[in-house]
Amino acid sequence: MSDDHKDYDGIRYRKETGSPAVFRMLFILLLIWGVCFMGYYLFSGWSSDAEFNEKKKAKQTKVLAALENSENSSDHSGKGQEKDDIATGKKTYEERCSACHGEGGKGGIGPALNLPKYKFGKTTGDIKESIETGRPGGMPGFKKDLSHEKIEGLIKYLLSLK
């Protein structure tokens, strides 16, 4: 007896040979999307947070090593005072500036200070004016809070950032 002629409580049995076209179309679209998604993340240089943190630590280690080398070479060239000024400036920066401008001048609330150009100029006079009188948009003046030596050290430290 053939399955084509069976009748169950008024419901005729009909053997389906394929899935509905809508399901096949959705499946094909899902496959295309999956391939594009994987291709984007595999070939775009995407990495996990752990890889990013490893690269960041390696870069920081490299920068610290370069800073130590430059400090050692400045000792031999007779620039001990400048090294002391930069160290004072670094300490002042960490106490007063890093909250807004980020660790090492990388930026945060305030702009990055390790760039080749600043918005208001990167000369000693421009930086001194920015520190002493402040700038519009949130930069307060520190003329009353910082001594002349600390400001000079801070200027030398900022100019040493790369």
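These are my notebook entries on a predicted model of a single chain.

**Ground rules**

I number residues from 1 along each chain as its sequence is written, and side-chain values use heavy atoms, with hydrogens and water left out. Since I am reading a predicted model, I ask for pLDDT of at least 70 for local features and 80 or more for side-chain atom pairs, while totals for chains, interfaces and linings use all residues.

**Entry 1: confidence**

I looked up pLDDT, the predictor's confidence in each residue, from 0 to 100. The chain averages 81, and 86% of the residues score at least 70. Helix α1 (residues 21-43) has the highest confidence, at 92, and strand β1 (residues 7-8) the lowest, at a mean of 68. A note to myself: where pLDDT is low, the predicted coordinates should not be read in detail.

**Entry 2: layout**

I took helices (H or I, at least four residues) and strands (E, at least two) as DSSP runs, numbered from the N terminus. I find five helices and two strands, in the order β-β-α-α-α-α-α along the sequence.

Next I checked burial, where buried means under 20% relative accessible area, exposed over 50%, and partly exposed in between (1.4 Å probe, protein chains only). Of the 162 residues, 19% count as buried. I also looked at contacts, meaning heavy atoms within 4.5 Å. Among contacts with a separation of 6 or more, 41% come from residues 24 or more positions apart.

**Entry 3: the largest nonpolar core**

Which residues touch the most other members of the largest nonpolar core? I find Y93, I131, L154 and L158, out of 15 residues in this core. Here a nonpolar core is a set of buried Ala, Val, Leu, Ile, Met, Phe, Trp, Tyr and Cys residues joined through side-chain atoms within 4.5 Å. Helices α3 (80-101), α4 (124-133) and α5 (148-160) each supply at least two of its residues, and α5 gives the most, with five.

I followed L158 further. Beyond its neighbours within four places in sequence, L158 is in contact with Y93, L113, Y118, K122, I127 and I131.

On α4, I list I127, S130, I131 and E132 as the buried residues, and they pack against α5. Just after α4, G134 takes a positive phi of about 85°.

D85 lies in helix α3. Is D85 buried or exposed? D85 counts as buried because its relative accessibility is 16%. Its contacts, leaving aside neighbours within four places in sequence, are G153 and K156. I also have L154 at 7.7 Å from D85, C-alpha to C-alpha, though the two are 69 residues apart along the chain.

E149 sits in helix α5. E149 has 56% relative accessibility, so I mark this residue as exposed.

**Entry 4: G110**

I placed G110 in the loop between α3 and α4. Why does G110 count as buried? Because its relative accessibility is 16%. Apart from neighbours within four places in sequence, G110 is in contact with C100 and H101. G138 is 28 residues from G110 in sequence, and their C-alpha atoms are 8.0 Å apart in space.

**Entry 5: the second largest pocket**

I used a 1 Å grid over the protein atoms alone: a pocket is an open set of points where a 1.4 Å probe fits, with protein on both sides within 12 Å along at least five of seven lines, and lining residues have an atom within 4 Å of a point. Grid points are joined across faces, edges and corners, and the volume is the space filled by probe spheres set on the points.

The second largest pocket holds about 600 Å³ of space. Of its 29 lining residues, H101, P111, L113, R135 and M139 are the closest to the centre. The elements that give two or more residues to this lining are α3, α4 and α5, and α3 gives the most, with five.

I sorted the lining into 18 nonpolar, six polar and five charged residues.

Definitions and conventions. Ala, Val, Leu, Ile, Met, Phe, Trp, Tyr, Cys and Pro count as nonpolar, Asp, Glu, Lys and Arg as charged, and the others, Gly among them, as polar.
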